[in-house]
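Visitor: I would like to learn how to read the features of a structure. Please take them one at a time.

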Amino acid sequence: MLLFAACAAPKPPASLWPPSDFALTVEELREQGGVFRVVRRCRVRADGLLVYGTATGVVVGAERAPELPVFGRLALYRLEPACVRDLSRRVDRCRVLEIERESGAIDDPAGRQARVRWQAFRQFRELQAYGRVHGAFAELLAIVGAHLPEGEGFELPGVADRGQPAVVVGAPAPLLDALAAFEALRSQAMRTPADAALQLDAFALACHLGLRSEAEQLLAAWSAATAASRAERALFPEGEPEWTPERLAALLPRG
């Protein structure tokens, strides 16, 4: 069952927010063995679906790269319309298009990194920061963190300094069981087959759990969801794509 989380912010007036193509992904990464790995991710869709997970492992192929995080600790819920509208407007006020694409020192001693992917009104922006975050970047992370379950947040220096109070009421605590997380992701992925990111996260969990049949089904769904974008990219290649059906198939557990 997909739970709804209310927003404590006042209901905003009718507006164009969020636009139908609104999507936001925020990731926290840590350097592990010379590789930056995702340790925390929050994704929000225009319909209010919020998927928050902390990684409990990775799945890798024979070549070890690239690899997929396994979100064995997961919360999945839907923000009420007023809440996602307020979130999208507040993020826009951070002037995402004006934030530096890359900031901070890549040699941060603690090996910390944040990545943001944002789109709205047919505009797209990808950002990354190393170490302490500042200004609008820190504000953006704090705003998103205020929509997470109680006790959760992005553990990067500079975020807590923004003093953003929690605005979501009733968000479910993360599931602590990888199988339960998989079932929740797969159920939602079946409802929205065009959401390739859901398919990929569920696929990683299926591989981690050794569920080959389910993993094959999710791989087929991901391939269908990404067919058009992969075909378009093939016309204007910019290096080898991170993921292809063939590369993902190498992650399938043995039957």
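Guide: Start with burial. Buried means under 20% relative accessible area, exposed means over 50%, and partly exposed lies in between (1.4 Å probe, protein chains only). R40 is a case: its relative accessible area is 8%, so it counts as buried. This is a predicted model, where local features need pLDDT of at least 70, side-chain atom pairs count only at pLDDT 80 or more, and totals for chains, interfaces and linings use all residues. Residues are numbered from 1 along each chain as its sequence is written, and side-chain values use heavy atoms, with hydrogens and water left out.

Visitor: With which residue does R40 form a salt bridge?

Guide: A salt bridge is a side-chain nitrogen of Lys or Arg within 4 Å of a carboxyl oxygen of Asp or Glu. R40 pairs with E155, and their closest N and O atoms are 3.3 Å apart. Helices (H or I, at least four residues) and strands (E, at least two) are DSSP runs, numbered from the N terminus. R40 sits in strand β3 and E155 in the loop between α2 and β11 (168-169), 115 residues apart.

Visitor: How many salt bridges does the rule count?

Guide: The count comes to 21 salt bridges. One of them joins R78 to D47, with closest N and O atoms 3.0 Å apart. R78 lies in strand β7 and D47 in the loop between β3 and β4, so the bridge ties together parts 31 residues apart in sequence. R78 is buried at 16% relative accessibility. D47 is partly exposed at 37%.

Visitor: Which residue does R132 pair with?

Guide: R132 forms a salt bridge with D161, and the closest N and O atoms are 3.0 Å apart. R132 is in the loop between β10 and α2, D161 in the loop between α2 and β11, 29 residues apart. R132 is partly exposed at 41% relative accessibility. D161 is exposed at 58%. Shared partners also build a network of salt bridges: E28, R30, R40, R73, E152 and E155.

Visitor: What about nonpolar side chains?

Guide: In soluble globular proteins, they tend to be buried together. A nonpolar core is a set of buried Ala, Val, Leu, Ile, Met, Phe, Trp, Tyr and Cys residues joined through side-chain atoms within 4.5 Å. The largest core here has 39 residues, and L79, F137, L140 and L141 touch the most other members. Elements giving two or more residues to this core include β2 (23-32), β3 (35-45), α1 (81-93) and α2 (135-145). The most comes from α2, with 7 residues. Apart from this core lies another, of 32 residues, among them V70, L74, A178 and A181.

Visitor: How many residues of α2 are buried?

Guide: In α2, 8 of 11 residues are buried, including F137, L140 and L141. Contact means heavy atoms within 4.5 Å. The cover over the buried residues of α2 includes β2, β3, α1, β9 and β10. Leaving out residues up to four places away in sequence, F137 touches I99, A114, V116, L127, Q128 and A129.

Visitor: And aromatic rings?

Guide: A pair is described by the distance of the centres and the angle of the planes. Rings of Phe, Tyr and Trp (its six-membered ring) pair if their centres lie within 6.5 Å; planes under 30 degrees apart count as stacked, over 60 as edge-to-face, and the rest as tilted. The count here is 2 aromatic pairs. W17 and F121 have ring centres 5.0 Å apart and planes at 85°, so they are edge-to-face.
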